Structure formats: structure tokens, C-alpha cells
Amino acid sequence: MEKKRFYITTPIYYPSDKLHIGHTYCTVATDAMARYKRLTGCEVMFLTGTDEHGQKIEDKAREAGITPQEFVDNIVRGDRGILDLWKLMNISNDRFIRTTDSYHVSAIQKIFKRMHDNGDIYKGKYVGKYCKPCESFWTDSQLVDGKCPDCGREVQDAEEEAYFFKLSKYADKIQHLLEDTDFLEPRSRVNEMVNNFIKPGLEDLCVSRTSFTWGIPVDFDPGHVVYVWVDALSNYITALGYDNDQYDDYDKFWPADVHFVGKEIVRFHSIIWPAMLMSLGLPLPKKVFGHGWLLLDGGKMSKSKGNVVDPYILAEMFGVDALRFFLLRTFPFGSDGNFSNEALIQTINVDLANDLGNLLSRTVSMVGKYFGGTLPENQAEDPEKDGELVGMASALRSRYEEQMEHFAFQNGLAEIFKVIDRANKYIDENAPWVLAKDMEANGSRLAHVMYNLLETLRVCAILLTPFIPTSAAEVLRQIGACEKCSTWDSAAQWGSLPQTAAVQRGENLFPRIDAEKALAQLEAAAEAAKKAALPDLEIEPRLEEKVDFDTFCKSDFRAVKVKDCQPVKKSDKLLKFTLDDGTGADRQILSGIAKWYKPEDLIGKTLMAIVNLPPRKMMGQESQGMLISAVHTEKGEECLNLLILDDKIPAGAKMC
Ligand code: MSP
């Protein structure tokens with residue numbers, strides 16, 4: 001029989017910065033769904049990738065002094081880049097598209113031309129606002145307090161010759177799609193789209209730019225590049241081989257079963273994307289699911305706020321499976337959730353270390369201790385004592401399936417943990433250590449208690465596979481589950497594990513985390529990361545105000561020679577200089593530079609000072625002027641360098 005097919009996608013990520021835990025959240029969720037569908041026997045296509053064009057990338061590359069292609073290559077393929085991150089997180093994508101891939105580029109040119117030739121794309125003039133970070137055009141009425149409605153940042157005026165897509169033509173069809181079908185979920189997002197975008201009147205969409213070049217050129221009109229969202233959204237079909245020879249899976253997998261997308265890009269996926277497909281005469285995806293954001297202290301994570309959470313640090317400290325599990329166990333997928341390290345540690349300690357980890361280690365070690373690792377065939381059931389656990393575990397797959405089919409990962413996991421909880425209680429109720437005291441009388445009952453625990457672990461581990469693939473496989477290995485009794489089908493068949501299964505002890509899967517120690521470590525890592533993210537070099541901004549020449553000439557800058565230099569008592573900042581300023585009398589200057597210079601290193605040096613400032617008292621001593629130095633900031637650290645002059649310059653020489 002031919003397998004059912006399932007095509008699922010994540011948004012393709014902007015490689016403008018390294019990805020954070022919020023980005024990881026969506027990809028982990030998509031991975032769990034893809035693995036779940038594979039487990040149930042589907043042939044899955046899981047696509048992710050990178051969205052590499054646009055003005056933001058062009059600007060960032062220019063700032064970095066490299067080409068846009070080099071810039072995106074670094075973030076996609078470089079050390080700890082996007083590909084490394086997905087590998088680390090055990091993401092099982094079947095395909096990875098980069099919008100700079102040449103097959104995609106030429107397919108976009110064909111798609112753009114097709115919509116142009118059928119009259120849905122026409123040439124006009126764009127006058128409006130543009131949000132560079134979001135790569136979004138807005139009309140004045142869409143702005144919130146004059147700022148971008150998505151990110152709240154300043155927008156720029158934009159006016160240029162441009163191509164437009166007749167989005168308005170599709171308004172009614174899209175409204176029907178949103179209101180009368182299950183195309184967009186969760187349902188709350190439908191009202192948002194209809195009320196905020198469709199009801200006020202859908203305007204035609206500007207789909208080409210001429211003011212920058214890092215995009216896919218419109219091949220029939222040089223100077224125009226295709227609007228980055230038209231380029232990006234089409235990835236879902238070009239990656240299957242639509243309008244290109246690179247792949248041949250379009251007929252097999254399109255329409256997609258679901259696009260998982262963050263809530264702020266639901267607009268593009270539920271309005272613009274279906275309209276483009278309608279224009280191309282292609283079937284629409286079956287569903288768009290707009291998930292919530294992971295927030296930090298109630299607000300959005302962003303590099304500019306300096307509050308991004310690094311998935312590398314968390315995965316390396318707590319383990320990939322623990323991090324994956326936390327993301328999907330803690331936050332309802334459709335709503336926002338507040339990320340915190342405390343919650344992460346608590347989830348690991350309670351669910352994984354305490355509930356699942358203990359159930360596994362207690363069970364496996366008892367089977368080892370009481371039966372040498374292999375259960376006997378002769379086992380005694382006790383329907384009264386076993387009924388509830390066996391009933392719950394037998395019904396688990398269908399309860400879990402119901403949640404998973406609705407992308408309710410948190411609820412699916414909750415179902416599993418109800419059973420794990422029940423199994424831990426079952427151990428206490430049946431007190432195997434008491435039964436073991438008289439093996440002759442109770443051995444066969446004890447064997448069955450152990451069997452029920454192994455069976456429960458087996459069913460739970462199979463269903464946990466999409467979330468914690470490595471650990472779930474290890475659970476199955478430790479309880480001696482064979483391949484046949486590790487399948488989706490067998491998860492609904494209580495008793496699939498042979499009665500004489502042999503356990504194999506292994507490592508403690510989820511060691512308990514010392515919260516205090518881990519939090520301190522995380523804080524130190526975050527501090528180090530913050531420092532590393534600081535600009536290498538920061539120079540004070542230039543003053544706008546002009547100084548007239550006569551005023552400038554009133555400042556008397558002179559070469560001075562250091563005759564003596566001493567620290568000032570009770571001050572860790574000040575050094576006291578005795579200087580030869582060429583007048584024959586000593587000049588005393590106090591300078592707050594002790595952090596950077598040792599007094600003895602400066603004796604004999606020729607420096608520059610301004611000598612006609614009014615004298616000033618510091619720590620009870622008079623300072624007659626100021627030494628001149630250069631200041632800048634490096635990695636957040638203030639740096640100061642005295643202006644040290646050539647020794648052949650005589651004391652008192654005027655600087656001009
Ligand atoms: N390039 C576009 C998507 C094009 S799809 C045709 C884009 N890229 S992005 O890198 O900015 O974001 C990718 C995804 O990460 C989005 O779905 C976005 O919602 C998600 N997230 C970014 N920060 C997030 C959180 N803090 N929490 C959850 N998801 C978040 O948008």
C-alpha cells in the first residue's frame with residue numbers, strides 16, 4: 001500500500017544574525033511533527049532553509065565590508081551557523097533551501113513573469129513607507145503611531161518605480177478562505193487578519209524594488225529586483241521542483257499539509273501567499289499554523305535589545321533532548337510563552353530526571369536485582385491492581401494522537417506524563433521490595449509488576465520519540481524493546497514486549513540539575529556572550545556644533561615634559577604630574593589615568609597639555625591644565641592613550 005504523504009515547512013530564516021532560542025522553537029516543533037508523522041507511517045517531506053535576499057542583508061554586508069553572498073554564507077554555513085545549529089538540535093529536515101540557490105533564482109524569475117503575463121503584476125509607482133528590518137512596505141494607515149506595526153521601529157519614506165501585485169483582486173476569495181475554512185489556525189489569528197488587513201481594504205502589493213540590488217533580478221526589466229517576500233514564500237514550491245529541474249517532488253508533495261509560521265508572519269502566509277498561488281492557478285496549502293512567540297521578561301527577544309538566548313549554550317549545558325522537550329512541554333504552541341532558565345531547569349528536574357528518569361532507572365535496576373535482568377515467563381496478573389495503569393497506557397496512543405493531529409504538543413506530552421506519573425505510583429502501591437522478600441510466594445506477581453512497568457515505559461518511549469529522539473531510543477534499548485515492539489502500531493498493542501524481555505542497564509538519562517550552580521553558570525555565559533557581541537571598536541560620535549576659528553585659537557596647547565609623576569594618595573584614579581612647560585617654572589597637572597599608566601613609565605615623556613584652563617582643585621591639590629589623550633571603547637571597555645610626542649619637540653612648543 002502506498003504511504004500517506006505529509007509535507008511540512010518552517011519559515012525560512014533570515015541569515016542576518018545568528019539564530020536564537022525563539023527561532024529554534026519553531027524548528028524543533030516542526031521537527032517533532034515531522035518525526036511524529038514518520039512514526040505513524042507517513043512519507044514525510046520536511047523543508048527548512050534560509051531567506052537570503054533583501055536590503056537588510058545588503059546593508060549588513062556593506063557594514064561588515066564583505067559581499068552579501070559572503071555574509072550569508074558565514075551565517076548559514078559558518079561555525080555555529082544555521083546548519084550547525086540544526087545538526088546540533090537533531091533536526092531531521094529532508095531538504096534545505098537557500099533562496100540564493102540558482103534553481104530557486106531562475107524559478108522565481110519564471111513565477112514573477114507568469115504573474116506579470118497573466119495581468120496580476122503591473123508597473124506603477126510606489127509611494128509609502130518601508131520598514132527595513134522587517135523588509136515590509138506599509139501604507140500610512142497601517143502604521144501604528146507612525147511606526148512599523150510589526151516591530152515598532154521607525155519606517156522610511158519610499159518612492160520608486162515598482163511592480164505591483166493585484167492583491168486587491170483576491171480579497172473576497174481570501175476572506176472566504178480565512179473565515180469559512182480551517183485554512184488558518186489557531187482561530188484567533190483569523191479575526192486578526194480579517195479585521196486588521198482585509199476589512200480595511202486590501203491594497204495591491206509592491207513586489208519589486210529598484211533602490212538596492214541584493215535580490216533576484218526581474219529578468220525582463222533590469223534594475224528591478226523581486227520583493228523579498230515573493231521570493232521567500234515561493235520557496236515552498238521551488239524546493240519541490242516547481243519551475244526547475246533540481247527536484248521532482250512537486251506533484252508528490254504539493255499542496256503542503258501545513259506551514260508552521262510565527263504569528264508576525266501569518267499575514268504573509270495567509271493573505272499574500274494564497275493570493276500568489278491563486279494567481280498561478282496552483283492549489284493552496286492545506287493549513288497555515290501561526291504559533292506564538294517565546295518571550296523574555298514579557299518582551300520580544302531581539303539582538304538589538306541584547307536579550308537573545310543562545311540555544312548553543314543551553315543545549316551544551318543541559319543536553320539537546322532536554323532543551324527540545326522543554327520547548328514543547330512548557331509552552332502551548334499557539335500562544336506566547338515566557339522563556340526562563342528557571343523554568344527550563346525545573347522542567348528537566350521534575351519531568352525528565354524525577355518522573356521519567358526515575359521510573360526507568362528504578363524499573364531496570366529492579367529487574368536486574370530481582371531477576372538477573374530477564375523476567376521469567378510465569379507471571380501473575382492482578383486485574384484489580386494492574387487495571388488502571390494498563391488501561392491508561394493502552395489508551396495512551398489514541399489520546400496522544402488526537403492532540404498531535406492538532407499540533408497540541410504540550411497536551412500530547414501531558415498525556416504521556418499522566419501515564420508516567422501513574423506508573424511511579426504503581427511502584428509504590430505494589431512495593432516490589434516487599435514482594436521480593438519472599439520470591440517463592442511472590443516471584444510470579446513481582447515479575448508481572450515489573451513487566452507492566454517495562455510495557456508502560458515502552459509505550460511512553462515510542463510516543464516520546466518525536467520529542468526526545470536520542471533519549472527515547474535509549475529508553476527502548478535499556479528495557480530491551482526489539483525493533484518490532486518499538487513501532488507506532490505496537491504502541492497501541494499492550495503486551496507487545498516479550499514477557500522474557502532482557503533489560504540492559506545504562507547511564508542515568510537525565511541527571512538532576514543543581515539549579516543554583518547552573519543558573520550562575522548561565523549568567524556567566526550570558527555575560528561573556530554580551531561582551532562578545534559588543535562592537536569591537538566604538539568611537540565617540542562627532543559633535544555637530546561648529547566652533548569658529550578664533551574660539552579654537554584661544555585654547556593654548558603646549559608640549560610638556562614629565563619631570564615627575566606620582567600616584568595621588570587615597571585616589572585610585574589620579575596621577576600627579578610635575579611638568580616642564582618651557583616657562584622655567586614647574587607646572588602641576590592631575591590626571592585621572594592611573595587605570596592605564598604606571599607613573600614610572602611616564603617620567604621623561606613629552607606629552608601634550610592644554611595650559612590655559614582655569615586651575616582646579618582635585619583631592620585637595622591644584623591642577624593647572626589637562627593632559628590630552630585619545631579615548632575609545634573596545635568590547636565595552638574604555639581605553640585611553642596619552643598623546644605622547646616625539647622627544648625632539650621642546651617643552652613649551654605650541655601646538656597648532
Ligand atoms: N524570512 C522570514 C520568513 C520567510 S518564510 C517564507 C522570517 N525570518 S526570521 O528569521 O525573521 O524568522 C523566522 C521565524 O522565527 C518566524 O516564524 C518567527 O516568528 C520565528 N521567531 C523569531 N523569534 C521568535 C521568538 N522569540 N519566538 C518564537 N518564534 C520566533 O520571518
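Biologist: Is N349 buried or exposed?

Modeller: N349 has a relative accessibility of 6%, so it counts as buried (under 20% relative accessible area is buried, over 50% exposed and in between partly exposed, with a 1.4 Å probe and protein chains only). This is a predicted model, in which local features need pLDDT of at least 70, side-chain atom pairs count only at pLDDT 80 or more, and totals for chains, interfaces and linings use all residues. Residues are numbered from 1 along each chain as its sequence is written, and side-chain values use heavy atoms, with hydrogens and water left out.

Biologist: What is N349 in contact with, leaving aside its neighbours within four places in sequence?

Modeller: N349 is then in contact with N354, R512 and I513, where contact means heavy atoms within 4.5 Å.

Biologist: And which helix is N349 found in?

Modeller: N349 belongs to helix α14, and helices here are DSSP runs of H or I with at least four residues, numbered from the N terminus.

Biologist: Where is the kink in α14 centred?

Modeller: Helix α14, residues 341–371, has a kink of about 40° centred on G357, the bend being the angle between axes fitted to the seven residues ending there and the seven starting there.

Biologist: New topic: at what angle do α1 and α15 pack?

Modeller: Helix α1 (residues 21–39) and helix α15 (residues 383–405) pack at about 130°, and their axes are 11 Å apart; axes are lines fitted to C-alpha atoms over the stretch in contact, and angles run from 0 to 180 degrees between N-to-C directions.

Biologist: Which residues make that contact?

Modeller: M33, Y36 and K37 of α1 meet Y400, E401, M404 and E405 of α15.

Notes: Helices (H or I, at least four residues) and strands (E, at least two) are DSSP runs, numbered from the N terminus.
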